[in-house]
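Please open the structure in a viewer and keep the selection panel at hand.

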Amino acid sequence: MSSVSIDSARLWERLMALAEVGAYTDERTGLRGVNRLALTDADAQGRRLVKRWFQEAGLEVRVDRIGNVIGRREGSEPGLAPVMSGSHIDSVPTGGAFDGCLGVLGALEVVRSLNDAGLTTRHPLEIGFFTDEEGARFGTDMLGSGVLVGRLSLEEALAKADTDGVTVGDELRRHGFDGDAPALLDRPPAAFVEVHVEQGPVLAAEGVQLGVVTGVQAIAWREIVIGGKSAHAGTTPMALRRDAGLAAARIATFAHELAVSGRYGEHMRATIGRLELGPNRVNIVPNRAVMTVDLRNPDDAAMSAAELALEGFLETLRQELGVSIDCRVTAKTGAVVFDADVQDVIAQHAQHRGLSHQRILSGAGHDAQEFAAVCPTAMVFVPGLYDGISHNPREYSTNDACAAGVQVLADTLLELAC
Ligand code: GLV
Ligand code: MN
Ligand code: MN
């Protein structure tokens, strides 16, 4: 079977160039981070840059109605379903250079290596970046890939609004990324493979060079709006308060205890990532709180039980504190198991390249999990430094680690597409 060697310096150069788009300096640490929230001006600038790189690599590029950008490299049998790869280039506000970008630019490096080698695969190859994987602006993760595979409707996705009421549809139009290609795949790909930084401590702690990803844990996000009554902080007896801030604090500690209790397994996670109080003044009992709860669990049944416990607690709080509580599920995906055969292909290529590897479950959400619903899918993880920290400007992986992951991605895509 033919093979290609990827160019690690070229891959790194592109990763570092994209990291300059939306770059900022973290005040506390002096580190350089990336702030490219979905469909902001910075994200649009990144999109235009990577789209141009796709075109320069000879890809036939289409933009679909939810703003996914997909480049196609024709195969020798164009009628075959494409083998796909890709990820996202949007970031959280405190992002790094690798989350998502490695998957997009890694796939691009595979295409460029195939071009250099003059190799044509039997299946077409399609690589892409998918709109708002992070969900950090519009509240729902894997938005573009979720639409592409039919989990989310296009209308629903376009109508998602940020905290200022600006919608996905508004922003796609403003930036000219409201493409006319259908947002729903017309046929399942032959396979999907994504390379990504691990974003956790496991591979580095084990001293392992690559992760063969077995699946992704379940994710459930809620936005909770609490209504209380504003009142004077000095004169209002504690018993007469309807304190939205207190309710929010109680929910935060409940979620934490739920995660550490062990009742929902040892891997239950809970995060209150957003909390806003109104009127947010020192001497006023808060009349409003808006907060998010992010729950994760590898087991669907344990996740359901945890969600039920949270909902039950909200009902208790309503009664106990006399506050109103509106709770909306903004994102929900079940646990995903990746295709065993694709995992084996990845593992075999890691082996051939002399790279140590182990199976690993993903703690983070990924575009690949959406494709897993429609075609054989798996992922390659590369270790990060500093305990694999991510969603933080310290996120870092080495040139060698990224190159190893992208080389195995190339080998895997080539095998699946030939
Ligand atoms: C995506 O980064 C997630 O929240 O898992
Ligand atoms: Mn990511
Ligand atoms: Mn992320």
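Helix axes are lines fitted to C-alpha atoms over the stretch in contact, and angles run from 0 to 180 degrees between N-to-C directions. This is a predicted model, in which local features need pLDDT of at least 70 and side-chain atom pairs count only at pLDDT 80 or more, while totals for chains, interfaces and linings use all residues. Residues are numbered from 1 along each chain as its sequence is written, and chains are lettered from A and ligands numbered from 1 in the order in which they are written.

**First stop: α1 against α12**

Select residues 8–19, helix α1, and residues 399–417, helix α12. Helices (H or I, at least four residues) and strands (E, at least two) are DSSP runs, numbered from the N terminus. The axes of α1 and α12 come within 10 Å and cross at roughly 110°. The two helices are therefore roughly perpendicular to each other, a label for angles of 65 to 115 degrees; under 35 counts as roughly parallel, over 145 as roughly antiparallel and the rest as oblique.

Now display S8, L11, W12 and L15 of α1 together with N399, C402, A403 and V406 of α12, which make the contact. Two residues are in contact if their C-beta atoms, placed from the backbone, lie within 7 Å. By class, this contact has six nonpolar, two polar and no charged residues. Ala, Val, Leu, Ile, Met, Phe, Trp, Tyr, Cys and Pro count as nonpolar, Asp, Glu, Lys and Arg as charged, and the others, Gly among them, as polar.

**Second stop: α3 against α12**

On α3, select L102, G106, E109, V110 and S113; on α12, select C402, G405, V406, L409, A410 and L413. Seven nonpolar, three polar and one charged residues form this contact.

Which residue other than glycine has a positive phi? Select D387, whose phi is near 60°; D387 lies in the loop between β18 (377–382) and α12.

Colour domain 1 (8–216 + 336–417) and domain 2 (218–333) separately; the bounds come from an automatic or database domain assignment. Their centres, taken over C-alpha atoms, are 33 Å apart. Eight residues of domain 1 are in contact with seven residues of domain 2. The side of domain 1 that touches domain 2 has one nonpolar, six polar and one charged residues.

Select residues 244–260, helix α8, and residues 300–321, helix α9, which pack at about 155° with their axes 11 Å apart. They are therefore roughly antiparallel, and α8 passes α9 in a right-handed crossing. The contact residues are L246, A247, R250, F254, A255 and L258 of α8 and A306, A309, L310, F313, L317 and L321 of α9. They divide into eleven nonpolar, no polar and one charged.

Centre on P279, in the loop between β12 (275–278) and β13 (284–285). The peptide bond from G278 to P279 is cis, with omega near -5°.

**Last stop: ligand 1**

Select ligand 1 and the surrounding E134, D141, A364 and G365; a residue is near a molecule if its C-beta atom, placed from the backbone, lies within 6 Å of it. The shell has one nonpolar, one polar and two charged residues.

Note on methods:
Left-handed = near helix turned anticlockwise from the far one by under 90°.
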